[in-house]
Amino acid sequence: MNLTLKIWRQKGPQDNGKMVDYKVTDISEHMSFLEMMDVLNEQLTNKGEEPVAFDHDCREGICGMCSMYINGEAHGPDRGVTTCQLHMRMFKDGDTITIEPFRAKAFPVIKDLVVDRSSFDRIQQAGGFISVNTSGNTQDANAIPIDKHAADEAMDSATCIGCGACVASCKNSSAMLFVGAKVSQYALLPQGRVEATDRVKNMVAQMDLEGFGNCTNTGACEVECPKGISLENIARMNREFFAASIKG
């Protein structure tokens, strides 16, 4: 498979980037998209040129690092997969593939296809946790009865890997699906109810502080999410926030 790659190159956060064309040949349809990028970078290195910087880690669809905007879609044209799980059989010989970093004010470009997603970390730090009494009188978690439906929903929310595809796909660069998922995974469990009021208020405040946009119910975030996180999480977060605001 021979392909033309149009890749965004940017030396640093303050530099003006541009699209650069590259040719890659003899690409196997069984390769993952990141393996194809490895082939390109090996070719560039052998020619004495600077390789394309891109994020990756586990390459098993778990870490959420492989953030690429491929042909106008976060993680590419397949559904329910991250970039590392996207295979080249989704493309055809002779195709031109456009590859860009995730675009959002809160995700500034560091270099080439690498963006700074530490805003997500700060939102988590604002309230995405539970405080546990470790004085020796802690209650065993397995001893707390939890309704199976609530447990299943909490687990579904917790599958969010924080990749940022929801932000990249949203016309408003909203992070509400991400924040909604992180709020939901605790709001549905008794362990998380103790700090529920402060949690949602703090996380929403931090989300706004980071410069993310608001949700206008377009639904692109759920469509592009590699883990299929439901819009129901946004509705739950709104309910939690409204209730917390009334309580003061």
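1. Start with C84. In this predicted model, the closest cysteine sulfur to that of C84 belongs to C66, at 3.9 Å. A disulfide needs two cysteine sulfurs within 2.5 Å. The distance from C84 to C66 is therefore too far for a bond. C84 itself is buried, with a relative accessibility of 9%.

2. Now take C166. What is the closest cysteine sulfur to that of C166? The sulfur of C221 is the one, and it lies 6.5 Å away. That is again too far for a bond. C166 also counts as buried, because its relative accessible area is 9%, under the 20% limit.

3. Next, the tally. A disulfide is a covalent bond between the sulfur atoms of two cysteines. By the distance rule, the structure has 0 disulfides. Keep C84 and C66 in view when you check this, since their sulfurs are 3.9 Å apart and too far for a bond.

4. Turn to the chain as a whole. The protein chain has 248 residues, and 46% of them are buried. Its secondary structure comprises 9 helices and 7 strands. The C-alpha trace spans about 60 × 35 × 35 Å along its principal axes.

5. Consider how the chain meets itself.

6. Look at one helix pair. Helix α5 covers residues 176–187, and helix α7 covers residues 196–210. The two pack with their axes 11 Å apart, at an angle of about 165 degrees. Angles over 145 degrees count as roughly antiparallel, so α5 is roughly antiparallel to α7. The crossing of the two helices is right-handed.

7. Which residues make the contact between α5 and α7? From α5 come M176, V179, K182, V183 and Y186. From α7 come R199, V200, M203 and M207. By type, the contact residues are 7 nonpolar, no polar and 2 charged. The spacing is worth a thought: an α-helix has 3.6 residues a turn, so residues three or four places apart point the same way.

8. Finish with helix α2, residues 118–127. Its buried residues are S118, S119, F120, I123 and G127. What covers them? The cover includes α4 (165–169), α5 and α7.

How values were computed
Residues numbered from 1 in each chain as written. Predicted model: local features only at pLDDT ≥ 70, side-chain atom pairs only at ≥ 80, totals over all residues. Heavy atoms only, no water. Buried < 20%, exposed > 50% of the residue type's maximum accessible area, 1.4 Å probe, protein only. Axes fitted to C-alpha atoms, helices over the stretch in contact; angles between N-to-C directions. Helix = DSSP H or I, 4+ residues; strand = E, 2+ residues; numbered from the N terminus. Parallel < 35°, antiparallel > 145°, perpendicular 65-115°, else oblique. Left-handed = near helix turned anticlockwise from the far one by under 90°. Contact = heavy atoms within 4.5 Å. Nonpolar A, V, L, I, M, F, W, Y, C, P; charged D, E, K, R; others polar.
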